[in-house]
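Colleague: I would like to go through this model one feature at a time. Please give the general idea behind each feature, then the case here.

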Amino acid sequence: REWQDFESQLRQVCREMKVEIGSPADVPDADGIHQALLSGLLSHIGLKDTGRREYVGARNARFALWPGTGVKGQPTWVMTAELVETSRLWGRTVARIDPRWVEPLAGHLIKRTYEEPRWERKRAQVVATERVTLYGLPIVAGRTVVRTAKAGGWSGWRSSARSGRRA
């Protein structure tokens, strides 16, 4: 029922904005839907705590998956539509996510730290190790970045061709 109401409201807004609605896809793009939802749920992501059956969320909040979530197993990364506190904090309406989706969606919220700046002889460039976090959760750990220069000084860091370790 909620999805029907949501779809009806979305169609009404599209009509008002004169946005042409296409026909539904034969096979829904689950990843695309999850990424669209994730853009509004960035503070509701969780990283599996390896030693326990719970997740570490934004600002170090710890939550468990509601027993009826429908997610199989214990995925490493999840997003939850709602966090409900009873005897403990539960994540309900949960979906598995890919941490690579988070960085482009949360560009304005992420924090980048750079460690171990060094000269890499083979590249003849200054490189460092980058760590990207969102609300304290490690999105990227150990990515090598290159110091870039422009006329008049240094402009910043950019990702090198090598991909880093994802947390």
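Colleague: How do the residues of the lining of the largest pocket divide into nonpolar, polar and charged?

Modeller: Ala, Val, Leu, Ile, Met, Phe, Trp, Tyr, Cys and Pro count as nonpolar, Asp, Glu, Lys and Arg as charged, and the others, Gly among them, as polar. Here the lining has nine nonpolar, two polar and three charged residues. The model is predicted: local features need pLDDT of at least 70 and side-chain atom pairs pLDDT 80 or more, while totals for chains, interfaces and linings use all residues. Numbering runs from 1 along each chain as its sequence is written, and side-chain values use heavy atoms, without hydrogens and water.

Colleague: What volume does the largest pocket have, and which residues are closest to its centre?

Modeller: About 500 Å³. Of the 14 lining residues, Glu 7, Leu 10, Arg 11, Pro 24 and Ile 33 are the closest to the centre. A pocket is an open set of points on a 1 Å grid over the protein atoms alone, where a 1.4 Å probe fits, with protein on both sides within 12 Å along at least five of seven lines; lining residues have an atom within 4 Å of a point. Points are joined across faces, edges and corners, and the volume is the space filled by probe spheres set on them.

Colleague: Which helix supplies the largest share of that lining?

Modeller: Helices are DSSP runs of H or I with at least four residues, strands runs of E with at least two, numbered from the N terminus. Helix 1 gives the largest share, five residues.

Colleague: In which sense do strand 2 and strand 3 pair?

Modeller: Pairing requires at least two DSSP bridges between two strands. Strand 2 (residues 55-57) and strand 3 (residues 62-65) are antiparallel, over two bridges, and Tyr 55 stands opposite Phe 63.
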